[in-house]
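Here is a friendly tour of one structure. Have a look at the sequence and the 3D view, then read on.

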Amino acid sequence: MTLQVMSGNSAQSYAAALARVHVIAAYPITPQTTIVEKLADFAASGQLPAQFVKVESEHSALQVCVSASSLGARTYTATSSQGLLLMHELLHWAAGLRTPIVMGVVNRAVAPPWNLGADHTDTMSQRDTGWVQFYAESNQEVLDTVLQAYRLAEDPAVRLPVMVTEDAFYLSHTVEPVEVPAQTEVDAFLPAREARAVLVPGRAARLGSFTGPDHYVEFRHEVAQAMARVPEVFRGVEEDYRSRMHRYHGGAVATYRVDDADAVLVTMGTMSTTARSVVDELRAEGRKVGLAKLRLFRPFPAAEFRELAGLVDRIGVVDRSFTFGAEGPAATEVAAAIYSGPHHPFLTNYMVGLGGREVTPQLVRAIFDRLLGAEGPGTRWMDLPQDAGEVTHG
Amino acid sequence: MAAVIEIRFHGRGGQGAVVASELLAQAAFLDGKWPQSFPFFGVERRGAPVTAYTRIDTHPLGVRTSITTPDVVVVLEPSLLRTQPVTDGLRDGGLLLVNSSHPAEELVLPAGGRRAAVDANRIAVTHGLGSLTMPIVNTAMLGALAAVTDVVSMEALDRAIQEFVPARRPENQAAASDGYHDVRVVGGTLPFTPSVPRAAAATLPLPEGPMASESSERYHTADWRTLRPVIHLEKCTRCNFCWKFCPDDAFSFDAEGYPVLRTDYCKGCGICAVECPPRAIEMVEEA
C-alpha cells in the first residue's frame with residue numbers, strides 16, 4: 001500500500017491495471033481521455049499484459065468489450081457524456097448478455113449547448129439499461145470502487161456490468177492523495193475471473209439471438225433477479241475489502257450525523273464532500289442536520305431510505321440532473337422508496353450544479369436553510385440569477 | 001500554516017499552468033501536507049487562458065470547488081493581467097506573483113497586498129525550456145513561489161521535479177532554483193485597480209434557445225498569439241492554401257485574390273507557413 005497524489009482519472013487507470021484486465025477498448029472524449037491514455041501506456045510498456053483495442057467510436061468500444069467479456073476476458077472501458085449516449089444500444093446488450101464489464105464514466109454535461117462540466121445527466125439517462133451504477137466522492141473511492149466493481153460484476157449471483165462514475169474535473173482532473181494497494185493485496189481480494197466463457201472458439205453457439213415471447217420474459221426476469229441480488233453481494237464484497245484494505249466507504253448509502261437529525265440532505269458525488277463540511281458547521285451552530293450520500297444508484301437502495309425515513313422529519317434530495325417533465329431522478333427514487341414504508345417525512349428536491357456549476361458551501365447552507373424553514377414540496381432550481389427557480393408538477 | 005492555503009494559477013495553454021498546480025500538489029505532499037489541485041479548461045488549445053487551483057492543508061479537504069478567494073495568485077503570462085480578472089477575490093494581505101520582466105513595484109494590487117515578480121521567460125529560455133515565443137515557465141514560477149511564501153519548501157519542490165516532471169529534469173530543477181533566487185517581492189500599499197472587472201453573470205442577456213449569445217466573429221481570439229504570419233506577396237501564387245488550412249478562418253482575400261490576414265482571429269499557430277507551397281509566409285515574433 002502506498003500513498004500517491006493522483007487524479008480521479010489515474011485512480012481509474014491504476015484500478016483497472018491492478019484488476020489485471022485482459023482487454024481495454026475505448027474511444028477518446030474529454031474529460032475521460034487520460035484514463036485510457038494511461039492504460040494504453042501501461043499496455044504498450046508491457047507493464048500491463050492487456051490488449052488495447054483502438055476503435056472508431058464508443059459504440060464499437062463497448063461492442064469489443066461485450067465480445068471479449070463473452071469469451072471470458074476481464075474487460076474495461078471508459079467514456080463520458082456524448083460518448084456514453086452513443087453507447088446506449090450496447091449498454092442494453094452488455095447487461096442482457098450478462099457480461100461483467102466495468103466501465104469508468106466521467107460525469108459530464110450533455111449538449112446542447114456544449115459543456116465539459118460535471119453533471120449527472122449522462123449516466124442518469126442510462127439508468128434503465130441494466131447496469132449497476134456507483135457514484136464516487138473522492139479519488140480514493142474511485143479506485144476502491146472499481147476494484148469492488150469487478151468482484152461484484154463477476155459474482156456468479158450477479159454477472160452484470162457496472163459503471164463507476166466520477167464528476168468531471170472535480171474528480172477526473174483533481175489530484176489528491178490516494179492509497180494504492182499492492183498488486184498482491186488486490187490479487188488476494190480479486191482473483192482471476194472464473195472462466196465462464198459463453199462463447200468458446202470451436203464450439204458453435206449463438207448469443208442474443210431471436211427469442212419469442214415464450215422465453216423473452218424469463219431472460220428479462222433473470223436480469224431483474226440478478227440486480228436484486230446486488231445489495232447483498234455488494235455488502236459482502238465491501239466487508240471483505242474493508243477487512244483486507246482497511247477502507248470502507250459506507251455501503252450503498254453512507255449516512256453522516258443522521259441519528260438525531262431534523263433534516264437530512266441526500267447528495268451524490270463530489271457535492272457530498274462540501275455538504276459534509278456544511279453539516280459540521282451547522283451542527284456547531286446547534287442545528288440538527290445530517291447527510292446521506294447516495295453511492296449506489298442502481299439497484300436503488302430503497303431499504304436504506306425507508307430506514308432513514310424513520311429517523312428524520314425532513315429530507316432534501318439534491319440532484320445534479322433533471323428529468324424534464326418530472327423532477328431530479330434521485331428525488332423520484334427516494335420518494336418511491338419511502339412510499340412503500342411506514343414513515344413519510346417531508347421530502348423536497350433541489351437542482352444544483354448542472355454543467356459544472358459550483359456547489360459551494362454557501363449554496364448547501366442555503367438549501368439547508370430552506371429545508372429547515374417553510375419549504376414546500378416540488379423541485380427548487382437553486383442558484384439561478386432571478387427568483388424563477390420553482391418547478392412543480394401537480 | 002494555520003488553515004488551508006489557496007493558490008490560483010493563471011496561464012495560457014502550453015505554458016504549464018496545469019502541470020504547475022499538480023507539481024505544487026506533489027511537492028506539498030512531500031512536505032507532509034494534504035494537497036488538492038485541479039484545472040479549469042474552457043477550450044483546450046494552446047494559447048487559450050487556463051486557470052488551475054491548488055489547496056494545501058494538513059488534513060483531507062472538506063470542499064470541492066474552484067478557488068474564488070485565493071491567498072496567492074500566480075500569473076504565468078503577463079498579458080493576462082490585461083485580459084483576465086486575475087486578482088478577483090485575492091484576499092487582503094494576499095500575494096500576486098507575476099512572470100514579468102518589469103519590477104514588482106510596477107504591479108498594482110489591493111491595498112496591503114504583496115507583489116512579486118520574476119522574469120520566468122528569461123529563466124526558461126536560458127535553460128532551453130519551451131521556445132523563445134512560448135517558454136515553459138512553470139518550474140521557474142514555482143521556485144519563485146517557494147521563495148516568497150511558506151507554501152512549499154524548495155527541497156520538496158526539487159524532489160517533485162525530479163520525480164514527476166516528464167522531461168528535462170535537470171533544466172527544470174535549475175529553472176526552479178533561478179526562480180527561487182531571482183524573484184523580487186515588495187509589500188506596501190498601492191491603490192487597487194482591478195485588472196479586468198468581472199461581468200456579473202446575472203446581468204448577461206441569455207439568448208433564446210441553444211445559441212451562442214454572439215457570433216463567434218465577435219470573439220477576438222488573437223490575443224493568444226505570440227507569433228504573427230507575415231505574407232511576402234512577391235512569392236505568393238494565390239493558391240489559397242493558407243486559407244484552406246487555417247483552422248480559424250483568419251484569411252480573407254483582396255480584389256486580386258491575394259490573402260489578407262484577419263488579425264483579430266489569427267492565433268499564430270503557423271500552419272499556414274508550413275503549408276504554403278512557395279514558402280511565402282514567415283512567422284515572426286509578436287512585438
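Two strands pair if DSSP finds at least two bridges between them. Helices (H or I, at least four residues) and strands (E, at least two) are themselves DSSP runs, numbered from the N terminus. What you see is a predicted model, in which local features need pLDDT of at least 70, side-chain atom pairs count only at pLDDT 80 or more, and totals for chains, interfaces and linings use all residues. Residues are numbered from 1 along each chain as its sequence is written, while chains are lettered from A and ligands numbered from 1 in the order in which they are written.

Let us start with strand β5 of chain A, residues 102-107.

| Strand paired with β5(A) | Bridges | One facing pair |
|---|---|---|
| β4(A), residues 75-80 | five | Ala78(A) and Gly104(A) |
| β7(A), residues 162-167 | six | Val162(A) and Val102(A) |

Six of the six residues of β5(A) are buried (20 or more other C-beta atoms, placed from the backbone, within 10 Å of the residue's own), so the strand is largely enclosed by the rest of the structure. In a regular strand the side chains alternate between the two faces of the sheet. Here Val102(A), Gly104(A) and Val106(A) point one way, and Met103(A), Val105(A) and Asn107(A) the other.

Now for the two chains together. In contact with 22 residues of chain A are 21 residues of chain B, where contact means C-beta atoms, placed from the backbone, within 7 Å. On the chain B side, α1 (17-30) and β2 (34-40) each give two or more residues, and β2(B) has the largest share with seven residues.

Conventions. Buried ≥ 20, exposed ≤ 12 C-beta atoms within 10 Å, placed from the backbone. Contact = placed C-beta atoms within 7 Å.
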